[in-house]
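Reader: I have a new model open and want to read it feature by feature. Where do we begin?

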Amino acid sequence: MYLDPNFSVCNWMTVAAFKWPFNGECSGNKRMERKPSGRRRVFVQTETGCVLGIELDRSDNAHTVKRKLQVALNVPIEERSLIYGDVVLKNDLSTVRNDSPLLLTRNFMHRSSSTPCLSPTGKDIQQRDKSGPIEILACSNHLSRTKKMVKEIVKAMKIGIDPIPVCGGLGGAYYFRNCQGENCAIVKPTDEEPYAPNNPKGFVGKALGQPGLKRSVRVGETGFREVAAYLLDYDNFANVPSTALVKVTHSIFNVNDAVNGNKQQEQKEVSKIASLQQFISHDFDASDHGTSSFPVAAVHRIGILDIRILNTDRHSGNLLVRKIDGDGGLGQVELVPIDHGLCLPENLEDPYFEWIHWQQASIPFSEDELEYISHLDPFQDSEMLRMELPMIREACLRVLVVCTIFLKEAAIFGLCLAEIGEMMSREFRGQEEKPSELEFICIEARRLLEERNMLFENVKAGENEFQFEIDCEEEEVDLTSNVEKKLASHACCRPLGGNIRSPLSKLDENVEEWTEDEETEIPPMSDEYAFVAQDRAPTVPRLSMSMKNVSIGEKSWRHEGAMQRSGYLAGTSSGNRSVSEQLPGSTSFVKLADMSEEEWVQYLENFQNLLYPAFSNRKSGSVGQRQRQRLGTSCQF
């Protein structure tokens, strides 16, 4: 959605107050406050991939839903909970929207190799699941094109035109066809993703809801991310194909044996929750031809979307290329971005932007692109996704907010797409990885938040030491006012570019320890932007990190498990390697999920204030800007 160009985090957040709590309790959660009317239907998925459509009565609660699932699918329900996005459902189901997917998962995610994986038979489905062969879940708006496509597919299925499995990729995918036998859509079941229990290509080992290929993208949750990318592509700006989350029933789908993970021999009709995306006929993908002929506008538009959603897997294989001149030569082409299942991670991850070194990315944004960026509103985007995809996690939305703000402010400052992408990307040297410049800014914003909280507590403790007589009531002390004054005086004594040493807030569990180190000063801003920075952040401390083995310049962040293998730098092919080899474990340097609403508002204010010094620092060339070595984390599935 669009925003007034006079964008301010503080003003918007004051109005919005981020109405939705971040905890997982169902009671009082306003993210799904709308009361349903009449009967509703939900689609419950077990952690092994089985799906059942259930009609809810007004008297139903979480226990009765689990009981219905047990009777229909013969699955255990003891020590298991019903999950609705971030929410653990208790007795009250009034917040659950019609046609929403729920997940039945263990309270403790320790999976036994002997856990049964029983799929419903055709008889069970007919008796207990009365939904159609394809049902669109959750988002009901924006999908007129998809509904028409679904009708064509269902009609083709009724006359015996079956889907075709897709051979490539690491996960299960299927081409669904229309009555003419033409590919119409590509369907990716969530329980056939890499590591998921019913993966048809041997990459199994985890239950739905556990960390997946990316630690901050859980197994079984790439499907709604595909839909989120489509919904966020307003006016089809980046040309994302129509995408929806669906429940599909067919015998073509894969179901593995529970014990050894092998495919069951008997083909039964099973239901799956999956992403369904319009199939786009194309001539080749971006890896099959040189990129110099790609339109600048197309590269920019795809890059703008990738930055907003922190796409961690924008490789050349998921950029389709279509000829539009029809003369047989390359001529003019159209780019179509697909495969957005690894966007919107729960923590800041290292993105992978194939376009980052393309010449088009170094060309400044056009006026139309700048206008589009200026009207982006990350808070309204978050509200829209909550309504359309209620299963989305709040941590993902916070990543969306941070990245969109970063994009908007960088565009105002005059950075090009390549510069923005580089500031968001980590650098790899040898076997070491260090946080990106964006992550450094987020770390500093968190440090300022914790410093402010500590000062507030100290002032509050000091105020409590004083005992006032009744006759002193006329000189009533406003604690909040005193705190703000002291905070202001504290900030004023910290000059921009000063030599301040301060502890950092704790990061992820992968970071071994902290020590103080030399810091890098932010040079003065150019005159062109000085007035903006002075107005926005007159007392911002310099952007610097006091930590072991790291500075913004030459050193790298040392952490556990960041082993870089030869051949994984940008531009190299992943080849025929295992999942673990293609995607080495990554580190989360920045977490956003553990802040309260009030802390989140203050954090964003700190974050926005730090951006202009960081942008100026990059423009001045003081940050090492030599050609970066990047770990090739792209993965086609």
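Author: Begin with the surface. Accessible areas come from the Shrake-Rupley method with a 1.4 Å probe. In this predicted model, the protein exposes about 27100 Å². Carbon and sulfur atoms supply 48% of that area.

Reader: How many helices and strands does the protein have?

Author: There are 15 helices and 16 strands. Buried residues make up 57% of the 637 residues. Take the contacts between residues at least 6 apart in sequence: 74% of them join residues at least 24 apart.

Reader: Now a sheet. What is the general idea?

Author: Strands of a sheet pair through backbone hydrogen bonds, either parallel or antiparallel. Here, three strands form an open sheet in the order β12-β13-β14, with antiparallel pairing. β12 (284-285) and β14 (333-337) are the edge strands; each has a single partner, so one side of each lacks a neighbour in the sheet.

Reader: Over how many bridges do β13 and β14 pair?

Author: Five, in the antiparallel sense, with β13 spanning residues 319-323.

Reader: How do I read the faces of a helix?

Author: An α-helix has 3.6 residues a turn, so residues three or four places apart point the same way. Take α7, residues 367-374. Its buried residues are Glu369, Tyr372 and Ile373. They cover an arc of only 95° around the axis, which puts them on the same side of α7. Glu367 and Asp368 are exposed on the other side.

Reader: Which helices do the buried residues of α7 pack against?

Author: They pack against α5 (222-232), α6 (296-309) and α9 (394-413).

Reader: And the nonpolar cores?

Author: In soluble globular proteins, nonpolar side chains tend to be buried together. The largest nonpolar core here has 111 residues. Leu385, Phe406, Tyr603 and Phe607 touch the most other members. Helix α9 gives the largest share of this core, 13 residues. Another core, of 21 residues, lies apart from it; Val65, Val75, Ile77 and Leu93 are among its members.

Reader: What does Leu385 touch, leaving out residues up to four places away in sequence?

Author: Leu385 touches Ala228, Leu231, Leu232, Pro390, Ile392, Leu397 and Leu400.

Reader: Which residues do ring pairs link into a cluster?

Author: Look for ring centres within 6.5 Å of each other. By that rule there are eleven aromatic pairs. Ring pairs link Phe406, Phe413, Tyr612 and Phe615 into a cluster.

Reader: Last, backbone angles. What stands out at Asp235?

Author: Its phi is near 60°, a positive value in a residue other than glycine. Asp235 lies in the loop between α5 and β10 (243-250).

Reader: Where is Asp339 found?

Author: In the loop between β14 and α7. Phi of Asp339 is also near 60°, positive in a residue other than glycine.

Reader: Are Asp235 and Asp339 buried or exposed?

Author: Check each against the cut-offs: buried is under 20% relative accessible area, exposed is over 50%. Asp235 has 66% relative accessibility, so Asp235 counts as exposed. Asp339 has 15%, so Asp339 counts as buried.

Technical notes:
Residues are numbered from 1 along each chain as its sequence is written. This is a predicted model: local features need pLDDT of at least 70, side-chain atom pairs count only at pLDDT 80 or more; totals for chains, interfaces and linings use all residues. Side-chain values use heavy atoms; hydrogens and water are left out. Two strands pair if DSSP finds at least two bridges between them. Helices (H or I, at least four residues) and strands (E, at least two) are DSSP runs, numbered from the N terminus. Buried means under 20% relative accessible area, exposed over 50%, partly exposed in between (1.4 Å probe, protein chains only). The arc is that of the directions from the helix axis to the C-beta atoms. Contact means heavy atoms within 4.5 Å. Rings of Phe, Tyr and Trp (its six-membered ring) pair if their centres lie within 6.5 Å; planes under 30 degrees apart count as stacked, over 60 as edge-to-face and the rest as tilted. A nonpolar core is a set of buried Ala, Val, Leu, Ile, Met, Phe, Trp, Tyr and Cys residues joined through side-chain atoms within 4.5 Å.
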